[in-house]
Every structure is written in structure tokens, then in C-alpha cells.
Amino acid sequence: MHNAQYKEEIFIKVTGIICEYNPFHNGHFHHIQETKKNGATHIVAVMSGNFVQRGDIAIMNKLDRAKLAVKSGADLVIEIPAAYCLAPAEIYASGAVYLLNSLGVVDEISFGSECGDIAKLANALHFADTAIKENMNDIRELMEKGYTYPRALTSIVTRYSEEAGDIILEPNNILAVEYMRAMNKYSPDMGVFTVKRKSVPHDGKFSEDGFASASYIREQLEKGVETIERYTTSLWSNAIKTASSKGELADINRLERIILYRLRTINPEEISDICDIAPGMDKRIYNARMSGSLDELEFTVKSKNYTMSRIRRALLNILIGIKKDDIKILPPYIRILASNERGLDILSEIKNKATLPYGTSLAKLAEISPDAERFTEIEERASDIYGLALCKIQSAQKDYRSKFAIDLD
């Protein structure tokens, strides 16, 4: 199946999509449809779990989102480990690409971008790599003046190419560039395809022609679940309504007290060992530990050098206990969350081709190796904490009791 082969005289092309679906919206549906128009016959979605890369909590749990994803155009859903979900963009991208390549059957990766042009994205990647290699001291100097790393990098890239600098200003373009960098490392022979983002920007605070960003939809949910119907499919809007009625929608603010408790009981050495915490940031977090609210805590830690997403990732990493050493380990297994009939076809193909162990049971995956045991430990803790962020608190160890979802409709 790799590199789009013929199987039993039927053309097979497996495409990977890296996603969060938090929640799935019309832009995601458009992306899947355009990917299929480009020749994809089978789609593997490698999806963030209960926590997401922007430093937030997913509004619906990963198992429900995976089940909905295979009813919405994906055929097989595998999970990005929590340690990689709450990491910087380059780490998140590398983990996702590594997992897709490890299946042994994925022919291309498809992603959305503001740019919509692979050649321009590749050019931006080239200049970004050049800037990092040749001007790292200049980047550090800009950061010392208060620039965030993305802003400092963009400033240096613009010296080489204004177009490349403009491209990496956009959030989906940044992720696209990171996916392509990871592909150069882990899957250089894999195809790449991008779909131009429709109408509204990432994190846009408005809607247009039925399209809205996931962040806008999440904000609208605060006004009531009926407000989101025009921005997603009826399948997802009905599922969100049901989850809301059962008290199963999550909100990071419900974790406020345990985040504050964790910070009040931690020592500076522990903080400095946590993933995505740079020198100096550990002291700011420790000095803010007596804050009286999550907002006050974030405001106290905030500086020109750190984006709010990075601060929130740091706080969630502290809460879950994800350490710097954890993201030095490449994902040690492939965890399968959901599938339809075409997804089962993919699973039958990977038996002799996957380069990582795979399975559905967290308990069985933990037995593979010490690294796998560590990753499942993080996953269990993340899911248990997620259960406290729901309107109706969920019992612990649900991740170990969860079952693989197969949709045969």
C-alpha cells in the first residue's frame, strides 16, 4: 500500500491527517473532501487526546471525538500521546509524523494552511532552517529584548525572504512547515498535500459563509450549544448537545483549584524539570504559585517572551507531571482509538509493515517496554485529570476501561 500501490486491481492511496477536531467543523469537512478529491481512498487521522497543543483541554473526550471522526470522513483514528500534545509545535509535529510513518502504509500527509502552496511552504522551511543555523545568536538577542521565539524567528527569516517571513507568521502555516520538517526527517519519500484554509483565519473571532475557527466555536458554546449548528455537521452538533446535557463537556477552568494546589506544593527543582519550561520561566511560575485564580496565575507568569499557549502548556505539564525527558522519547507504540470498515482494511495491511507495536488496550501497551509503561502512565494520569474538568466529574481509570470503537454503518 505504501506509495499508492494497486491491490487486487483496486487503486489504494492512504493519506494521513494530523488533527485535534476540538471540535470538528465545516473547515475540517472541507479539508477531508479536498483530500479525497486528491486521490485519497483511505484516511488515517492521528489525533490529539484529551489535551491539545494550544495548552488547553479538549471540549469532548478523545474516544467520543474519535468515534465521530470515523463517521465524518476518517477511516482510522490513532492517538498522539499526551506528552506530545502538550509540547511545542516542532515536537508535536514530529510525534504525529513519526506515528503516521510507523504504520508503514501511509502514502501522503495532508494538512490545511493559510498559504495553500507546498512550494512556498517548502521555501519558508528552507529559510527558517537557514535562519536557525546561521543566526541563532541574533534570535537569542531578540528574545532577550522580549520577543517570543516565533516572532524572533520570523524577524530573522524576513531578512532572507519577506514572503517566507509572512508565511510563517500564520499559525497553520507554522504547523505545516513543522510537519514538512518532520517529514524530511522521518518520511522523506512520503507525499505531501495542502488545502488552503477557507474564509476565516485560525483563532479568527468571526464566522463567514458557515465557516468558523474551532476557537470561535468554543467561545460560542458558552452562549449555548445551539449557536454552533451552522459551523459544523449535524452529527457533531447533536453529539455536543448530548454531551452538554450529560455534563460531559470539559472546561480548563474547572481545573483551577488543582492547578493552584499543585503549584503550592511543588519545589523549584521540580518545575525546572518539566517539559516546555525554559530557564527563567521556572522562577516566574514558582514566584506566582500563591496566585488566587488561574487568570491571576497566567497574568503573573506572562511576559513578552512567552505566548499564553506556552504558559498554559507549562501549567498542564506540571499538573500531569510531563518531564523534559519524556519528549526525548519517540512515541513507543501506536494506540488505535476508532475505525470503520476501510480502517479495518488498513489495520490488516499494517500487520507486517508497522515499525511500532500497536493496539487498543492501554494496559497491554504498557507491557511493551519501560518507555511504553511511562507513556501509558502519563496517558492514564492525563485522562484522570480530564475527568475532573467535566461538569459531571468522571470516575478514574476510564482510559484503561475504554473500548476500541468500530463503526460498520
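The model is predicted, so local features need pLDDT of at least 70, side-chain atom pairs count only at pLDDT 80 or more, and totals for chains, interfaces and linings use all residues. Residues are numbered from 1 along each chain as its sequence is written, and side-chain values use heavy atoms, with hydrogens and water left out.

**Overall build**

- The secondary structure comes to 20 helices and 14 strands (DSSP runs numbered from the N terminus, H or I of at least four residues for helices and E of at least two for strands).
- The radius of gyration is 21 Å, close to the 22 Å that the globule rule gives for 409 residues, so the protein is as compact as a globular protein of that length; the radius is taken over C-alpha atoms, and the rule is 2.2 Å times the number of residues to the power 0.38.
- Along its principal axes, the C-alpha trace spans about 65 × 55 × 50 Å.
- Of the 409 residues, 56% are buried, that is, under 20% relative accessible area (1.4 Å probe, protein chains only).
- Take the contacts (heavy atoms within 4.5 Å) between residues at least 6 apart in sequence: 74% of them join residues at least 24 apart.

**Nonpolar cores**

- A nonpolar core here is a set of buried Ala, Val, Leu, Ile, Met, Phe, Trp, Tyr and Cys residues joined through side-chain atoms within 4.5 Å.
- The largest one has 99 residues, and those with the most contacts inside it are Ile18, Phe51, Ile78, Leu103, Leu255, Ile285 and Leu297.
- Apart from that core lies another, of 32 residues, with Met47, Met60, Leu63 and Leu249 among them.
- Not counting residues up to four places away in sequence, Leu255 touches Phe51, Ile57, Leu316, Leu319, Ile385, Leu388 and Ala389.

**Two loop residues to look up**

- Ile327 sits in the loop between α16 (308–320) and β12 (334–340), and it is buried, with a relative accessible area of 19%.
- Leaving aside neighbours within four places in sequence, Ile327 is in contact with Ala83, Tyr84, Ala87, Ile91 and Cys275.
- Ile327 and Leu86 are 241 residues apart along the chain, while their C-alpha atoms are separated by 9.8 Å.
- Ile12 is found in the loop between β2 (10–11) and β3 (14–19), and this residue is also buried, at a relative accessible area of 9%.
- From Ile12 to His42 is 30 residues in sequence and 7.4 Å in space, C-alpha to C-alpha.

How values were computed. Buried means under 20% relative accessible area, exposed over 50%, partly exposed in between (1.4 Å probe, protein chains only).
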